[in-house]
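Subject: Structure handover

Hello,

Here is the structure we talked about. Please open it alongside this note, which goes through the cores and then the salt bridges.

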Amino acid sequence: LAAHPRLFVQRLFLIGAKVLALGCTSALPLSPAMPFVVSPVSLGATEERVVDHLFVITDASHSMYRDATFPKAKALSQAFVDALPDRSAPSKSLTYNAASIGFGGDKRTSLGLQDFDRAELRATIDRVQVMGRVDGRGGSTPFHHVLSEIGDQLAGKTGRVAVVLFTDGLPDDEEAAMDVAAALVNGYADGVCFHGIQVGDSPAG
């Protein structure tokens, strides 16, 4: 090759091009899962809605792509929203707010906390895809950042809060996630409940 520098450069260029091509290859999309067909839950004569602020969190990070659990998480999120009580359901409170956060790495597909609008909430979740890296394989799982964002949205508000998480339960930093969750619970006087729906079967999750 030393005797043929032009040939060497050409081969080097071809090798580099192949490496770049392989490095930029997009991930194969995951097959979607169909959500359950459900109707808004009906409350009995002695039942009432007790949640004032609801956050629906859909994990769209790398591990959800790697283990092919994202489609189920999204389908469950969609069905959950379809099944939420109507605004007309009995409640002691007139406040009925909802928000959605789909996340992967530092990317978000979100609807900020606002008056409950089932169609808008569902449409936001419909747009959630695996996110966080340009190759489509998903980014990190920064639960501590997502929970901090929830805390920011609750600043100055009152009323009971529910945070519903559809996830494999594998954050980047478990200790940080637990610390932020504890701070959120301890710093919000009217109560915050976390409801984790595990998608997948990881013992660690």
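The largest nonpolar core has 23 residues. A nonpolar core here is a set of buried Ala, Val, Leu, Ile, Met, Phe, Trp, Tyr and Cys residues joined through side-chain atoms within 4.5 Å. Buried means under 20% relative accessible area, exposed means over 50%, and partly exposed is in between (1.4 Å probe, protein chains only). Leu54, Val56, Phe70, Leu84, Phe116 and Leu121 have the most contacts inside this core. Helices (H or I, at least four residues) and strands (E, at least two) are DSSP runs, numbered from the N terminus.

Take Val56 as a way in. Leaving out residues up to four places away in sequence, Val56 touches Ser77, Phe80, Val81, Ala99, Ser100, Ile101, Ile125, Val164 and Phe166. Contact means heavy atoms within 4.5 Å. There is also a second, separate core of 19 residues, with Phe55, Leu147, Leu165 and Tyr188 among them.

A note on the source: this is a predicted model, where local features need pLDDT of at least 70, side-chain atom pairs count only at pLDDT 80 or more, and totals for chains, interfaces and linings use all residues. Residues are numbered from 1 along each chain as its sequence is written, and side-chain values use heavy atoms, with hydrogens and water left out.

Now the charges. Side chains of opposite charge can pair when their charged atoms come close. The structure holds 8 salt bridges. Each is a side-chain nitrogen of Lys or Arg within 4 Å of a carboxyl oxygen of Asp or Glu.

- Asp82 and Arg122: the closest N and O atoms are 2.5 Å apart. Asp82 lies in helix 3 and Arg122 in helix 4, so this bridge ties together parts that are 40 residues apart in sequence. Both residues are buried.
- Asp86 and Arg118: here the closest N and O atoms are 2.6 Å apart. Asp86 sits in the loop between helix 3 and strand 2 (97–104), and Arg118 in helix 4, 32 residues apart. Asp86 is partly exposed at 37% relative accessible area, whereas Arg118 is buried at 18%.
- Arg137 and Asp135: the N to O distance is 3.6 Å. Arg137 is partly exposed at 28%; Asp135 is buried at 13%.

Finally, salt bridges with shared partners join Asp82, Arg122 and Asp126 into one network.

Best wishes
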